[in-house]
Amino acid sequence: NNPGCHHIVISAERMTRGKKDEVRGSIRHIFKAGGPEHQWTADVSMFVQGTSSVEHAETAGPNINFYYPQGITLENGTVVTDGYAMNGRDSPLNNDFY
């Protein structure tokens, strides 16, 4: 219930376990304090970010790269394909979300 917190809900059959272990699923991003442009869903492919991240999987969880080639769909139905920034100060990332 913290409106200043980014909530990321991942739906997938399982989590990725390696750099070459592609898992497809979806993401729902909720950031109430960010306004409607920060409430979105996307179909994604995900991979573990790097080799050292795999070692952390058992204790803290790996860093994961999410790729959303069809873009993100805002709550109002608008599809955004030209990048996304977690907040207004960041540069938008194109086609991937870390």
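**Exercise 1.** Find which residue of β3 is the bridge partner of S26, and state the sense in which β2 and β3 pair.

*Solution.* Step 1: the bridge partner of S26 in β3 is D43. Step 2: β2 and β3 pair in the antiparallel sense, over 8 bridges. Strands are DSSP runs (E, at least two residues), numbered from the N terminus, and two strands pair if DSSP finds at least two bridges between them.

The model is predicted: local features need pLDDT of at least 70, side-chain atom pairs count only at pLDDT 80 or more, and totals for chains, interfaces and linings use all residues. Residues are numbered from 1 along each chain as its sequence is written, and side-chain values use heavy atoms, with hydrogens and water left out.

**Exercise 2.** Describe how β3 pairs with β4 and with β5, and how many of the residues of β3 are buried.

*Solution.* Step 1: β3 and β4 run antiparallel and are joined by 4 bridges; M46 has F66 in β4 as its bridge partner. Step 2: β3 and β5 also pair in the antiparallel sense, over 2 bridges, and the partner of W40 in β5 is L74. Step 3: 8 of the 10 residues of β3 are buried, so this strand is largely enclosed by the rest of the structure. Buried means under 20% relative accessible area, exposed over 50%, and partly exposed in between (1.4 Å probe, protein chains only).

**Exercise 3.** Classify the aromatic pairs found in a search of the whole structure.

*Solution.* Step 1: the search finds 2 aromatic pairs. Rings of Phe, Tyr and Trp (its six-membered ring) pair if their centres lie within 6.5 Å; planes under 30 degrees apart count as stacked, over 60 as edge-to-face and the rest as tilted. Step 2: the ring centres of W40 and Y68 are 6.3 Å apart with planes at 40°, so this pair is tilted. W40 lies in β3 and Y68 in the loop between β4 and β5, so the pair ties together parts that are 28 residues apart in sequence. Both W40 and Y68 are buried. Step 3: F47 and Y67 are 5.9 Å apart centre to centre, with 70° between the planes, an edge-to-face pair. F47 lies in β3 and Y67 in β4, so parts 20 residues apart in sequence are tied together.

**Exercise 4.** Is N65 buried or exposed?

*Solution.* Step 1: N65 lies in strand β4. Step 2: its relative accessibility is 9%, so N65 counts as buried. Step 3: Y67, at 29%, counts as partly exposed.
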